[in-house]
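Please keep the sequence and the coordinates at hand while reading.

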Amino acid sequence: MTNNPAPGQKFRILAADKLDEEGLDYIRSQPDAELVNKPGISEDELAAIAGDHDGMIVRSAVQVTAKVLANPGRLKAVARAGVGVDNIDLDAATDKGILVMNSADASTISTAEHAFALLIALARQIGPAYKVMTEGGWDRNKFMGRQLAGKTLGVVGFGRIGRTVAERALAFGMTVVAYDPVFNQPTALEGKVRVFQQFREMLPHAHMLTFHVPLSDQTRGMLGSETFPLCRDGIMVVNASRGGVVDEEALLAALDSGKCAGAALDVFVAEPLAKDSPLRKHPKVLLTPHLGASTKEAQKAVAVAAAEQLMTFLRGQGIVGAVNAGGLRIDLSPVQAAFVDLAQRMTRLLAPMITQGIGSVAIELAGKELASVAGTLERYALVGLLGGSLDIPVNVINVASVARQRGVQLRTILSDDQTDHRSGPQLTIEVNSADGKEERRIIGRVYDDMRPRVIEINGYRMDMIPEGAMILILNEDRPGMIGMVGTEFGQAKVNIADMTISRRQDKALMVLKVDDQPSDAMLNRLQHRPGILKVAVVKLPPEKN
Ligand code: NAD
């Protein structure tokens, strides 16, 4: 997927939020980019101009709503400088084929440091002690703290931030245990962290808990009225991940009962936190207003990362930090790139042979090199299949959701290895019509010359390079058919550049490459000739090499 601007034109990049200068300077310094800086733009203004830009960079203030994306024009991507994409309507972006990226890596250390700051502040009661000092008091007995060294920290979610917090906790002499269902090793960080597969099993070990998970149906309220009882008495809790992971009501109850000795929260179910929220008044609660990534270093890093990611994508050089393009890659090896191109050619050939609506698609990938780009092959194959038949633009970003909305079932089968080692990897695509009556199958390969080949269509063997104007003719296998077809094309003054014929039982499939596309009238005449069963026309792009 390349998005190169027309010769002489530059990629227009809209900064729709206040971005760190270094991020803006990065765009300004790119010879193929033009920066339009409009921080504080309203939703209506943004909706009016978004489509005049190739890419947009946002932070968390501007709202990229369905209205903003309704007429996407030349907009191809939105990059969020930071992590949360709550201000971007992901479904709308995906439906319009717009890639959404975030720059999560860049704020990892700052967020981990903030979580650790909250942990120390909680253990030493820094918040309430400071409050007493500002009110003129001096109470040394009230604020007896806890030492971190020797305590066990339970890290929930062992991703980028969780791991970074764990490293710091180890340096403070803590024992660290972690829970992450995706992590499949019993220990991490060179055996220093015991990793649990069950949250409930980890809980009794921890004196303190820190949360670093995304908010999902699995994580919402994971520390709540059912799981608090499994914790040690006097547990301390830090949440700098997402509001709602720790159930706020259950937390207040645990604080009141003494089960929980203190909680530090940077994130809340509703942000900004309501003025009258009981969390604000609770003496055992320490609060910060979502400050995890709020450091100069993190803001600079996320702005530069978002700008770099956006330019990389627009130039067709790769996809980093994609939020809505599961499985799509553009950093392909030459063989993978050739197969991605072939996949789309193959499905474009099959598409006109399905007349009753597409019900299901099965893609079989043989060869290790193909397995690692399965998601990308799927998307390109679906674009070839659905792209020509729908009234909306279909591209690799929105095709999965377009297919889902239309009830197309997709199945990908990975074969262990090549079926035939001498011939290299192989791609098979089978499409069934919605009524189950039409079943079409096509097999393709890329040989050492890197040229795409179709080697079978619907059981008919061939060796054909799919490119240019092509005509597929299914006919009865009897004498005179080739001559008749040749005469029809000759009379219509359409030159046949190449012809492949394959036979199966009593039928034959002719695949013709022609120099000019024949008229509808001529094709209609051919379709009604005795012995002709079906005629399909496909216009494919010329070969890439
Ligand atoms: P990450 O994707 O690197 O790590 C998240 C981890 O959570 C993954 O290892 C994943 O396997 C794990 N996980 C997923 N579901 C889980 C479950 N049900 N139980 C336990 N673990 C589960 O993400 P990250 O960059 O480390 O960010 C972690 C969280 O911190 C995110 O929610 C992010 O939005 C938040 N965050 C907050 C701030 C802030 O300002 N407070 C800043 C940055 C990130």
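Glu488 has a relative accessibility of 3%, and it therefore counts as buried, the limit being under 20%. This value, like every other given here, comes from a predicted model. Because Glu488 belongs to helix H15 and Arg529 to the loop between H16 and S23, the pair ties together parts that are 41 residues apart in sequence. Arg529 itself is partly exposed, with a relative accessible area of 34%.

Helix H16, which spans residues 520-527, has Met522, Leu523 and Leu526 as its buried residues. These residues cover an arc of only 95 degrees around the axis, and so they lie on the same side of H16. In general, an α-helix has 3.6 residues a turn, so residues three or four places apart point the same way. Asp520 and Ala521, on the other side of H16, are exposed. The packing partners of the buried residues are strand S20 (468-476), helix H15 (481-491) and strand S23 (532-540).

A second salt bridge in this part of the chain joins the side chains of Asp477 and Arg503, at 2.8 Å from N to O. Asp477 is located in the loop between S20 and H15, and Arg503 in strand S21 (residues 496-504), so this pair connects parts that are 26 residues apart in sequence. Asp477 counts as partly exposed at 28% relative accessibility, whereas Arg503, at 64%, counts as exposed.

Salt bridges also occur elsewhere; the whole structure contains 27 of them. One of them is formed by Arg160 and Asp105, whose closest N and O atoms are 3.1 Å apart. This pair links distant parts of the chain, with Arg160 in helix H6 (residues 160-171) and Asp105 in the loop between strand S5 (99-102) and helix H4 (108-123), 55 residues apart. Arg160 is partly exposed at 49% relative accessibility, and Asp105 is exposed at 54%.

Attention may now turn to a sheet. Six strands form an open sheet with mixed pairing, in the order S15-S14-S16-S17-S18-S19. Strand S15 (409-415) and strand S19 (460-464) are at the edges, each with a single partner strand, so one side of each has no neighbour in the sheet. On average, neighbouring strands of this sheet are turned by 20 degrees against each other, direction ignored. Within the sheet, strand S14 (residues 358-366) and strand S16 (residues 426-433) run antiparallel and are joined by 8 bridges. Ser360 stands opposite Asn432 in S16.

Helices accompany these strands. Helix H11 (residues 334-350) packs on the sheet and touches S16, S17, strand S18 (452-457) and S19, its direction making about 155 degrees with that of S17. Helix H13 (residues 374-386) lies across S14, S15 and S16 and runs at about 140 degrees to S14.

A polar atom of its side chain lies 2.9 Å from the backbone oxygen of Met353. Beyond its neighbours within four places in sequence, Arg440 is in contact with several residues, including Leu350, Ile429, Asn458 and Lys534.

Methods:
Residues numbered from 1 in each chain as written. Predicted model: local features only at pLDDT ≥ 70, side-chain atom pairs only at ≥ 80, totals over all residues. Heavy atoms only, no water. Polar contact = N/O pair within 3.5 Å; in protein donor to acceptor, adjacent residues only side chain to side chain. Contact = heavy atoms within 4.5 Å. Buried < 20%, exposed > 50% of the residue type's maximum accessible area, 1.4 Å probe, protein only. Helix = DSSP H or I, 4+ residues; strand = E, 2+ residues; numbered from the N terminus. Arc of directions from axis to C-beta. Salt bridge = Lys/Arg side-chain N within 4 Å of Asp/Glu carboxyl O. Pairing = 2+ DSSP bridges. Axes fitted to C-alpha atoms, helices over the stretch in contact; angles between N-to-C directions.
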